[in-house]
Amino acid sequence: MSFIKLDKQLYRKNFYTIAVDSVTSGENGPTVSLTDDGGNHICELHLFESEEDAGEYARAYWEDCIKGDRETAIEMLGKDTLLSWALGEAAGPGSSKVESLEEWLDLYLDAPDEHFESGPYGIELIGENIVEVLGFLPAIAYSME
């Protein structure tokens, strides 16, 4: 067993006991599964060394989604937005208007919180055995749940 302490509460707690085997480094990047006192799954925390790493992860996620499923990308971004970008005009889903898909993807570099459902959570303490499994000391976390 190990632990993680966040700088603010997530599901009414900021200190969690975690199992070392709940740490994964799969397709979604390094994550740790948080459970309540009864052992029930609460959420997955995505762990990063920095805000910059979180931004790069979010940007890569959306780039992969768009390249992997063009029909969903067209639906999500909107035909009007895509046409405006093709004409070099500022447009975009959401409040930020940019002139290309690349610029829109780059917005995540400075605002990874736009990708995640909650966070950022600063990591105040984390077990050394978790750091060994990850191969780095995480400083920031986000949740998708």
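**Close-up views of the model**

**View A. Arg 59 has its place in helix H1 (residues 51-68).** Helices are DSSP runs of H or I with at least four residues, strands are E runs of at least two, and both are numbered from the N terminus. This is a predicted model, with local features needing pLDDT of at least 70 and side-chain atom pairs pLDDT 80 or more, while totals for chains, interfaces and linings use all residues. Residues are numbered from 1 along each chain as its sequence is written, and side-chain values use heavy atoms, leaving out hydrogens and water. Is Arg 59 buried or exposed? With a relative accessible area of 12%, Arg 59 is buried (buried: under 20%; exposed: over 50%; partly exposed: in between; 1.4 Å probe, protein chains only). Its side chain makes a polar contact of 2.5 Å with the side chain of Glu 102 (N or O atoms within 3.5 Å; within protein, one able to donate a hydrogen and the other to accept it; residues adjacent in sequence count only if both atoms are side-chain atoms). Neighbours within four places in sequence aside, Arg 59 is in contact with Glu 102, Leu 105, Asp 106, Tyr 108 and Leu 109 (contact: heavy atoms within 4.5 Å).

**View B. The largest nonpolar core has 19 residues.** Ile 4, Leu 10, Leu 34, Leu 45 and Leu 47 touch the most other members. Such a core is a set of buried Ala, Val, Leu, Ile, Met, Phe, Trp, Tyr and Cys residues joined through side-chain atoms within 4.5 Å. Two or more residues each come from strands S1 (2-10), S2 (13-18), S4 (29-35), S5 (41-48) and S6 (118-126), and from helix H5 (128-134). S5 gives the largest share, four residues. In soluble globular proteins, nonpolar side chains tend to be buried together.

**View C. Leu 34 and its surroundings.** Which residues does Leu 34 touch, not counting those up to four places away in sequence? The list is Ile 4, Leu 10, Tyr 16, Ile 18, Asn 40, His 41, Ile 42, Cys 43 and Leu 45.

**View D. Tyr 11 and Arg 12 in the loop between S1 and S2.** Phi of Tyr 11 is near 55°, a positive value in a residue other than glycine. Tyr 11 counts as partly exposed, at 43% relative accessibility. Arg 12 is not a glycine either, yet has a positive phi of about 70°. Arg 12 is exposed, with a relative accessible area of 76%.

**View E. A cis peptide bond between Gly 119 and Pro 120.** Omega is about 10°. Pro 120 belongs to strand S6.

**View F. The setting of these close-ups: the protein chain.** Five helices and seven strands make up its secondary structure. From the N terminus on, the elements run β-β-β-β-β-α-α-α-α-β-α-β. The C-alpha trace spans about 55 × 25 × 25 Å along its principal axes. Of the 145 residues, 40% are buried. Among contacts between residues at least 6 apart in sequence, 54% join residues at least 24 apart. The chain has 9 positive and 30 negative side chains (Lys and Arg against Asp and Glu; His and the chain ends are not counted). The centres of the two sets lie 5 Å apart, with each charge placed at NZ of Lys, CZ of Arg, CG of Asp or CD of Glu.
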